[in-house]
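Student: I am new to this structure and would like to go through it slowly. Could you show it to me?

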Amino acid sequence: MPQLEQISTYASQIFWLAITFGAMFLVMWKIAVPKIADTLEARQRRLEDNLKKAEDLKREAEATLAAYDKALADARAEAHADILRIQAELKAAADAEEADLTAKLDAKLDASEKAIAAEVSKAMGNVRGIAVDVATAALEKLTGEQPAQATVEKAVDAALGGRG
């Protein structure tokens with residue numbers, strides 16, 4: 001049997017297996033595994049650095065956001081204060097304009113009332129004269145005689161209530 005003939009070479013095969021295994025073990029131990037370990041360590045350091053940079057960027061973004069929110073709040077507060085100030089200024093200007101206009105209108109109203117009173121007084125003076133003339137003419141037509149001027153004037157004054 002040919003399988004049994006290999007027993008004589010069995011010891012040499014084990015010897016070469018041990019030498020090959022040892023050589024491969026040394027190559028792996030001294031060359032391959034350290035390179036793999038270095039690569040894994042470098043990768044781990046890169047990951048840690050990236051995480052640290054991400055945390056720093058996150059803190060920076062949060063600080064920027066807080067500054068932005070503060071600036072926005074300050075701008076809103078300033079705008080609100082400006083609006084209130086402008087409203088107060090406009091109200092004061094409107095009140096001053098209203099007071100000025102009211103004073104002008106009151107002056108015009110007083111002047112108009114005086115002018116109306118003068119015209120009424122003038123008209124009433126004319127009414128007395130016209131009333132005396134009409135009363136004289138009416139009495140003359142009714143009675144056919146000329147009435148006394150003083151009597152007619154006295155009667156008209158009494159009817160007007162002394163306004164003439």
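Tutor: What follows is a set of questions on terms and how they apply here. This is a predicted model, in which local features need pLDDT of at least 70, side-chain atom pairs count only at pLDDT 80 or more, and totals for chains, interfaces and linings use all residues. Residues are numbered from 1 along each chain as its sequence is written, and side-chain values use heavy atoms, with hydrogens and water left out.

Student: Why is Phe-21 called exposed?

Tutor: Exposed means over 50% relative accessible area, buried under 20%, and partly exposed in between (1.4 Å probe, protein chains only). Phe-21 has a relative accessible area of 59%, so Phe-21 is exposed.

Student: What makes Pro-34 partly exposed?

Tutor: Its relative accessibility is 28%, which lies between 20% and 50%, so Pro-34 counts as partly exposed.

Student: Where are Phe-21 and Pro-34 found?

Tutor: Phe-21 is in helix H2, and Pro-34 is in helix H2 too. Helices are DSSP runs of H or I with at least four residues, numbered from the N terminus.

Student: How do you know that the span of H3 is close to the expected one?

Tutor: The expected span is 1.5 Å times one less than the number of residues. H3 (residues 149-160) has 12 residues and reaches 16 Å from its first C-alpha to its last, close to the 16 Å expected.

Student: Which residues of H3 are buried, and why are they said to be on the same side?

Tutor: The buried residues are Val-152, Val-156 and Leu-160. They cover an arc of only 65 degrees around the axis, taken from the directions from the helix axis to the C-beta atoms, so they lie on the same side of H3.

How values were computed: Helix = DSSP H or I, 4+ residues; strand = E, 2+ residues; numbered from the N terminus.
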